[in-house]
Amino acid sequence: MNKKIVIRCIISVLLIAPAIAAIGQEHVTALPGNLLLRTDGGQSQTRSKSAGAPLLLPFFEDFSVNTLRPDADKWADNFVFVNKDFPFNPINTGAATFDVLDANGRLYESASSVAFQADFLTSLPIRLDSIFTGQAAQLRPEDSVYFSFWYQPQGRGDAPEPSDSLVLQFGFPTGAMVFDHMDSISVWADDYLLAQGIEQIKPLDTIYAPPGCNQQIYIISNQFYTWGDQIMMPCDSVFVAEISWESKWSMPGTTRESFAQSHGRDFAQVMIPVTESRFFSPAFRFRFFNYGSIAGTYQEAAGNVDQWNVDFIRLGANRSKHDTAYNKISFSGRAPSFLKRYESMPYKQYRSAPTNAVKPEINVNITNLSSETKNTRYRYRVNQRGGNQTFEWDGGNCNLTPFSTNGFQSCETGCGAKHACPPVVSLFALDFDQDTASFLIRHYISDSSAAVILVDSLVYRQGFYNYFAYDDGTPEAAYSIEPNGAYLAMQFNMSAPDSLTAIQFFFNRINDENSQRFFDLMVWSDNNGIPGQVLYRKIRQKPQFEDTRYAFSTYELDEPLLLNGNFYIGIMRESGILSMGFDRVNNAKDYLFYNIDGSWVKSNMDGALMIRAVTGKGSVTSIEETQTEAFQFRVRPNPASNSIFIDLSDDKKIPETMHMFDYIGRLVLEKAFSVQTDVSHLQAGMYILMLRDAAGNSNSTKLIINR
C-alpha cells in the first residue's frame, strides 16, 4: 500500500482594517468580509470556456442584470461583484465592482498592506480579425476600432489609496499552449471496489484515475469509502492557448469626491483606439484588474476595501474618439421604496396610519446616453401580489436631454411631466384579514420614435411583513462603536400597540469568530426623542452569522414586549469589536443614537444600521427574501429574433408559467413554462419576461427582440 502525507493548506491572512472615518466614538469602515454576497458553495472562480466559439463584434456589457456574478457567456472568471449597490449614480442600472475579496467573499490570500493584484474581469475570446454584421469582412487597424468603458473609484464603498490602481490590458494568443488546470470528475467507489474485489477503501489507499483519464494520475485517499460513495478524482491536464497581455490604461486610486470634482461627474468614460495589428486576432481578449491594499488599526477585522466600479463596456469597429454616445435610455441605480421612513414595515402598522407612512413623491434617476434629446414617456404600475389592487401613474411625454451635457433628468422638466420625481398617487390596499402583503412596482421609460423602440424598466417589491427595516438588505460598509460599555440604539415607532418579539442583526464576519465578543441585547422606552428607561435586557449575547445572501440573525425575546409609540432597540458593547452591517443607499442617521459617557448623541454617519424589529407573532416572514431566491434563470439569445431558450440554474426548481410585458407594461404573452418559446410574432423592442412557480414566487429579466 502506498503511503503519502496529505497536507491541508491553511490560508494565513493579514487582517488589517482600512482607515477609519470617525466622529465621536462611532466608526464606519469598509465592510469586513462579504460572504453573504459571494457564497457559491466553493465553485471555481475561473471558468474554462475559452475553448468554445469566440464572441463576435460588437461587444457590449452594461451589467444591468443583477446576477451578482459576471455573465458566463461573456466572461471567463467570476471574481467581480455585479450589483446595484456599490456604484454611486451609475449611468445605467448596475456595474461591476472590484475589491479585495475573492469570488467566495473572502480576503485574498495575497492581501497585504502594500498593493497586490486582487479582482480580475477577463473577457472570453473575441473575433477581432473580422466583422460579421452585414457582409463579412476582414478587420484591420484602419477600420477605426475603439474600446470604451465608464469607471468610478470608491462608489459607496471604500476609496482606493493612491498606491492602488485599476488596470486594463489587451491580450492576444502567442501560438504556444500552457497548462491551465487539472480537470476533475466524480466517480463511483463501486467501480473501484468491484475491480479490486474489496469492500472498502481506506485512508492512505491509492486510487488511480478511471478509464478515459490519464492512467498515470492517482490520489491517496484520506478517508473511508464504501458502496454508493462518490469520489472526486483528477482526470487530465487541460492546456490552453498562451495569452500575451499588454497594459493599455491604468488609473491610481482616489476618493469619489475628488474624482467627481476633477471629471465633473461621478463616472468618467475612457476611449481607447485599437491600432496594433497583433491585436486583430481571432482570439483577442481584454481584462481589467485592480491593485488593492489593507491597512489600519483594527487587526481583528478583514476589510473589504479599495472599490472600483466599471460599467458600459463597448468594443466595435467604425467608431471614433468622439463616439461617446449610445442610443439608450435607462434608469440608474436601485428602485426606491414608496415608504417615507422605512424600507419595509409591518402590515398592521402601515394600516394604522397609511397616510403618514407613504411618501408624497419618489425619486428616480433617468439617463439618456444618446447624443440627441429624446421625447420619452414615463409611467409606473403597482400590482398587489396575492390581492386585487392595481394602480398606476402615467407621466406622459417629456424631453430628455443627453446625459453627456445635462446629467440625470431633472424634476423641473419644463413640460409639466415630473418623470424624475413622480407622485405616489394611491395608498396601498388595506386588507384587514391579512398579516402580510407585498406589491410589485414596475417603472417604465420609453421612446417609441425610433424603428427599434428604446425602453428600460426598473422593478421593486414593496413589502409589508412583520418587521421594521431601514436598510435594503445589502451592506456597503461596517458600523461599530467603542469602547467597551458603549451603547447604540435605533428608534422605531408603533403607530398601533403591538408586541416586539425578536430583534434581527446583521453582524459582519471578522477574522477570529471565536474571540471574546459579547453584547447585551437592549430595548428602551422613549424619553423626548432619545432612549429612556430600559424595558428589556438580555445579557452576554454573541454575534451569530448566516451564510446566506440575507444574512440576518434573529434574537428572540424571552417574552413578547407590548409597545406603543417610539421605542429603541440596540446593544451595549460588552467586549470585543462588534462590526455591524451599514447600508449606504438609505440614510436613517436621524434615528440612530449612541452613548459612550452617559449622554445619548445622534449619529453623524450617513446610512442605515442593519437592525430590524420583529413584531406580532414572532417568526420572521418575508415573501420578498424567499421569492428572489426561488429560482434563477437566463435567456438566450438576448437580443433574440425568432425563438428564445431559457436556462434554469436549478432543474429542481421549475417555473409553472411565463408572462411577457411590453415597454409600457401590457401583457403580450402568457403561457405554461417551456424551455423554448417562439417570439417571432412580437415586434422589435424591449420586453420584461417573468417566470412564476406554483407557489407564486417569480423572477424577471429584460429581453430585447431585434430583427
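I call a residue buried when its relative accessible area is under 20%, exposed when over 50%, and partly exposed in between (1.4 Å probe, protein chains only).

**Ground rules.** I am working from a predicted model, where local features need pLDDT of at least 70, side-chain atom pairs count only at pLDDT 80 or more, and totals for chains, interfaces and linings use all residues. Residues are numbered from 1 along each chain as its sequence is written, and side-chain values use heavy atoms, leaving out hydrogens and water.

**Disulfides.** I searched the whole structure for disulfides (cysteine sulfur pairs within 2.5 Å) and found two.

I looked up Cys213 and Cys235: their sulfur atoms sit 2.0 Å apart. The link is left-handed, with -95 degrees about the S-S bond. Cys213 lies in the loop between β11 and β12 and Cys235 in strand β13, so the bond ties together parts 22 residues apart in sequence. Strands (E, at least two residues) and helices (H or I, at least four) are DSSP runs, numbered from the N terminus. Both cysteines of this pair are buried.

Next came Cys411 and Cys421, with sulfur atoms 1.6 Å apart. I noted Cys421 as buried, because its relative accessibility is 2%. Cys411, at 27%, counts as partly exposed.

**Sheet.** I then followed β13 into an open, antiparallel sheet of four strands, ordered β6-β15-β10-β13. Its edge strands, β6 and β13, each pair on one side only; pairing takes at least two DSSP bridges between two strands. I found seven bridges joining β10 to β15, and Gly171 has Arg285 as its bridge partner in β15.
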